[in-house]
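This briefing covers a few side-chain arrangements in one protein chain. Look through the sequence and the structure before reading on.

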Amino acid sequence: MRKSRMALAVASAFPLVLTFTLTGAVPAFAQTTDRGANAAVKELGVVTITGGQPTSLPTQIPTTIEGVTREQIEHAINATDSEDALKYLPSLLVRKRYIGDYNHAVLSTRASGTGNPARSMVFADGILLSNYLGNGPTNAPRWMLVTPEEIERVDVLYGPFSAAYAGNSVGAVVDYVTRMPTQFEAHGKVSVQHQPFDLYGTNATYAGKQVSASVGNKNGDWSWFLNFNKTDSEGQPLTFPTRLVSAGTVGSVGTPVTGAVLGNNRSNQPWYLLGTATQYHTQQDHIKAKIAYDFSPTVRAAYTLGWWHNESEGRPASYLRDANGNAVYGGTVNINGRSYTLAPTDFNVSNENLTHFMHGLSVKSNTKGAFDWEVAASLYDYQTDTLRAATVALPAALTGGAGRIVNSKGTGWNTLAAKGTWRPDGLQGAHTVDFGLQRDSYQLRTVENATANWINGAAGARNQAFNGDTQLLGLWAQDTWKIAPQWKAVLGARAERWSASNGQTGNATTTVSHPVRNETYVSPKAAVAYQANDLWVLKASTGRAVRMPTVAELYQGGVSGSGTLINNDPNLKPEKSWTTELTAERDMGNGLLRLTAFFERTKDALYSQTNVLVTPNVTNVQNVDAIRTKGIELSYQAANVFVRGLELGSSLTWTDSKIKRNDKFPASVGKWQPRIPEWRATAVATYRPDDKWSYTLGARYSGRQYSTLDNTDVNGFAYQGASRYFTTDVRVRYQITKAVSAAVGIDNLNNYRFWNFHPYPQRSYLAELKVSL
C-alpha cells in the first residue's frame, strides 16, 4: 500500500519500530505536517512507525485507536492538566470541573457515562492510574501523576478487543507515554489562569497559577528524567445547599432573611438555593523521577517514582442575609413567608491533606526477533489521605469545634505482569503471538472518627469504617495472523480469576464481616481486516468484557442499629458486555477518514438505584438486567487542508443507549442510560503559517443527558442536572526564540453555562511562558 502523508507525519514522532493492529484511525486527531522523516507503512490496519518512546501496549491492538502527540498538545490545547490531552478525541469526555480537579475528573466513553469510570483504563508508561477502589466521581484516574509537560504522546484504544486488558477496557484504554531523553534537555513553564464566574448569587473571579520544571539526560547506558510541578488553583463553587419551596412551613417562624435564589431543580420543582457549599482552593506539588538502564541495545530496565501532595480547603458562602445584612448559616430562617431549618452541615467546611506515592519497575526486551518479553510491577499508595470536616455551623466552625476525620491511609493498589511476544516466522511472518500473565490487587482502608476539633483535634470515637480487598489474576493470549496478502485476523482470549476478601462494613459499635468470593470468567476476542484496495480498509472486531465489582461497590455502605447492611451489597454480580465494531477507513492522501459502527450488550450493569420489589425499598448499587447500546462514529483528521499548515481534526458520534430490562426498577425500562448523550461532536483546527505562529480554534458539543435511570431529571440546566453543551476554545502560540515560546488561550470562549451535576467552568483565560533547552 502507498505511504500516506498522514502516516509519514506520525513517523516523525517515534524512535523505535512498533507495530499495531488497528481497526480505527492512525493515532492523531490532527497530524502534524509531513516533514519527510522516516517512512511509515500501513497494511491491513497495521502501522509500522519509527520514532520516540515505546508504548507499553501489546504489539498487536485489534481496536480503533486515536491519539495526540506532544507537539499537538503544545500548539492546539490549553492543557493545564494531563487529562486535557483527551479534549478533542472522538466520543471522550473528562468531567474536569476546575484546574487541578483531583477527585471528580472521571472519564466517559462511547457507552459509558461519567458515573462509570471503572469502565475505562488509564495508564502512564504501563503504570495503572485508574482507581478501581470504587466506581463513582470520587474514583477518578490519578491524572495528577502525569503533567502535560511530561507527555510525549497519548494513545487511546476504543473497546475491549485486546486480550491484554481486563474487562475495565470495555470503554477505552488510555496510555500516556512520557518523555525519556536521548540527550540533555531542560524545560520550564509558568502559567496563570483567570475565570470570572456568575451563577445564582455568586459573582466572583477565581484564579490559578502553575509552575513546572523538568530536566533529563542520557549518558551512555543510563538515562534519567526529573519533573516538578506546582499548582495553586481556586475553582468555582461546586455544590449548593437547597430547599424545596414546598418543604417550607407557611408562617412567620424563623429569622427573616433575603438573598435566597429561586430556581427549578433538575425535576423542574421550584426550590431555593441558599448559598455555596463547596468551593475548593487546592495547592498541589508533584515530583516525577524516572531512570532507565540499557543492559544491551535490546534490553532496558526502567524505574519510575511519582510523589503527589495536595492541601485543599473547601469553603462555603451563604446568600442569606438578616435584617442587618449579616450572613446567616444556621438556625431556623424564614424565606418569603415559609420557614426552613438549616443543618450545621448545609454549609460544609473541610480541609484535606493527601500524599500519594506511585512506583513502577519494568524490564523489557525489544529485539524485533523471534521473541520479546517484559516483566513489570507497579504500586500506588495512599501514604496520607485525611479529610477533616466540621459538623458545627459557621461562623464558629472557622475557629474549630466538633467535626469528623476520614482517614484512608493504607488504601491503594499494586500490579505485577509478565508479557511476551513470539514471532515464529520473524517480524514480517504470518503469525505474531502476544501473551501474558498478570495480577492486580486493590485494598480499601477507610475509617471515619468523630473529633472535638475538626481543624487539628485527635480522632475520637469511630463513626463508620470500610475495609476490603479484591484481586484479579489474568492469563491471556492473542495471535495476529496474516491469512493472505489482503486479509489479517486477530484471535485471542482472556481467562480471569477474581476474588474478594477481608470485606468489613462497620458503624460506631458494630462490624459486619463478609465472606470470601472467588469467580472465574473467560473472555474471547476476535478481529479481521480486509484491504479492499489501496485506499480502503474494512475491519470488524468483537469481544467480551467482564467488569468486576469494585471494593467500594461491595463493602462501602452502612450498618443499621440492628446489624443489617444498608447502601451496599457484597453479593453484586460483575458486569458482562459483548462489544462489536464495524469499521471502514479511507486514506485521503493528506489524512484519514474513518466510519465506525459500534454495538454493546451489557448484562448486570452496576448502577445505584432503588429496588422497588422489596419493602421497605432499598437504594444502593444494584445490577441492572440489560442495557443495549448502538452507535456510529465518524472521524476525520488531516494535515494541509486547503492550504499548507492547516491541520484539522473532527468527529461526530450518534449513540442510542437504552435500558432494556430492569426488574428491580421497572420505571427505568426503555429510558436512556445515564450520562450518554444521543449526539456529540468535536472539531479542532490549527493553522501554522510558519515556524513561529500557530492559531487554534476548537469546539465541543454534547446533546442532552440524564443522570437518573428513569430519566425524570428533565431540567439539565440546574444544580445536579446534566445538560447539553456547546463550547469553543482558542489558543495562539508564538515561538519567540528557538528556546522560548509563549501562548495565550481562552476555554469556553462563548461562556456557555453547562452542568454535569456540578457547574462546569465559565469563560476561562490562560497565559503561559515556556523555555526549553
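**Aromatic rings and a buried aspartate**

One aromatic cluster is formed by Tyr200, Phe240, Trp271, Tyr719, Trp755 and Phe757. The model is predicted.

Aromatic pairs
- Searching the whole structure gives 28 aromatic pairs.
- One of these pairs is Tyr132 with Tyr442, in an edge-to-face arrangement, with 5.9 Å from centre to centre and 70 degrees between the planes.
- This pair links distant parts of the chain, as Tyr132 and Tyr442 are 310 residues apart.
- Tyr132 lies in the loop between strand 8 (127-128) and strand 9 (151-158), while Tyr442 belongs to strand 29 (residues 431-451).
- Tyr132 and Tyr442 are both buried.

A charge over a ring
- Lys658 has its charged end over the ring of Trp672, at 4.9 Å from the ring centre.

- Asp469 is part of strand 30 (residues 462-484).
- Is Asp469 buried or exposed? Asp469 counts as buried because its relative accessibility is 13%, and the cut-off for buried is under 20%.
- The side chain of Asp469 makes a polar contact of 2.6 Å with the side chain of Asn502.
- With neighbours within four places in sequence left aside, the residues in contact with Asp469 include Asn502 and also Tyr442, the residue that pairs with Tyr132.
- Other residues in contact with Asp469 include Gln443, Leu444, Arg445, Ser499, Ala500, Ser501, Val551 and Tyr555.

Note on methods. Residues are numbered from 1 along each chain as its sequence is written. This is a predicted model: local features need pLDDT of at least 70, side-chain atom pairs count only at pLDDT 80 or more; totals for chains, interfaces and linings use all residues. Side-chain values use heavy atoms; hydrogens and water are left out. Rings of Phe, Tyr and Trp (its six-membered ring) pair if their centres lie within 6.5 Å; planes under 30 degrees apart count as stacked, over 60 as edge-to-face and the rest as tilted. Helices (H or I, at least four residues) and strands (E, at least two) are DSSP runs, numbered from the N terminus. Buried means under 20% relative accessible area, exposed over 50%, partly exposed in between (1.4 Å probe, protein chains only). A charge sits over a ring if NZ of Lys or CZ of Arg is within 6 Å of the ring centre and within 35 degrees of the ring normal. A polar contact is a pair of N or O atoms within 3.5 Å; within protein, one must be able to donate a hydrogen and the other to accept it, and residues adjacent in sequence count only if both atoms are side-chain atoms. Contact means heavy atoms within 4.5 Å.
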